[in-house]
Amino acid sequence: MFHEASRVLQDRFDTRRVADRIDELLVKDALSDSDREFIERADMFFLATADEHGQPNCSYKGGDPGFVRVLDDQTIAFPNYDGNGMYLSMGNITVNPQVGLLFIDFEKGHRLRLNGTATIESSEDVVAGWPEAQFVVLVRTREVFPNCPRYIHRMDGDELSPNVPAADGSAPIAEWKCMPQFNEVLAADDPARA
């Protein structure tokens with residue numbers, strides 16, 4: 001789990017022993033029942049990717065609780081919804097499938113890290129499980145571990161985004177897509193073109 005630069009810093013601050021103990025006791029390659037419950041309650045997570053040159057990208061992914069699903073003890077799945085059309089994270093996954101996900105519960109101060117290998121699944125039978133999804137991302141776990149909650153700010157999560165596609169697939173059109181400077185460059189089938 002650690003490379004030489006990690007070890008240099010651990011030695012500098014005398015944390016190698018605690019890092020090794022965390023690795024020994026808490027880092028695993030499979031999801032527990034409590035990990036499953038936490039992930040499937042989440043309404044958001046952060047996704048870290050890198051391109052073929054190692055240039056990083058971090059993005060926020062959100063949806064209704066349950067939009068991320070645990071398929072088995074080493075596989076999770078989440079949808080890719082219509083966004084800004086840049087496909088930075090998803091493009092990165094196609095050239096470098098190594099990803100990091102960070103799930104945070106800002107109300108209870110709990111967080112979970114998941115590192116693994118991602119693939120994009122476009123088959124209709126899989127995508128149909130998420131209304132309005134363009135495709136689904138599958139992540140095979142390599143490392144799963146809780147992360148220190150010490151500095152997590154507590155926030156009230158009473159309001160979810162009204163823009164997440166509903167169960168029937170309906171979703172409001174993004175306001176920015178209605179701006180005149182974007183109309184002519186939107187995808188031909190984008191509802192905002194109307």
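Which residues of helix H4 are buried? In this predicted model, they are Ser-89, Met-90, Asn-92 and Ile-93, within a helix that runs over residues 88-95. Buried means under 20% relative accessible area with a 1.4 Å probe, counting protein chains only.

**Helix H4**
- An α-helix has 3.6 residues a turn, so residues three or four places apart point the same way.
- The buried residues of H4 pack against strands E1 (44-50), E2 (56-62) and E4 (75-80). They also pack against E5 (98-105), E6 (110-121) and E7 (135-146).

**Fold**
- Six helices and seven strands make up the chain's elements. These are DSSP runs numbered from the N terminus: helices are H or I with at least four residues, strands E with at least two.
- Their order along the sequence is α-α-α-β-β-β-β-α-β-β-α-β-α.
- The C-alpha trace spans about 60 × 35 × 35 Å along its principal axes.

**Packing and surface**
- Of the 194 residues, 36% are buried.
- Among contacts (heavy atoms within 4.5 Å) with a separation of 6 or more, 62% join residues 24 or more positions apart.
- The accessible surface (Shrake-Rupley, 1.4 Å probe) is about 12000 Å², with 52% belonging to carbon and sulfur atoms.

**Basis**
- Residues are numbered from 1 along each chain as its sequence is written, and side-chain values use heavy atoms, without hydrogens and water.
- Local features need pLDDT of at least 70 and side-chain atom pairs pLDDT 80 or more, while totals for chains, interfaces and linings use all residues.

Notes:
Buried means under 20% relative accessible area, exposed over 50%, partly exposed in between (1.4 Å probe, protein chains only).
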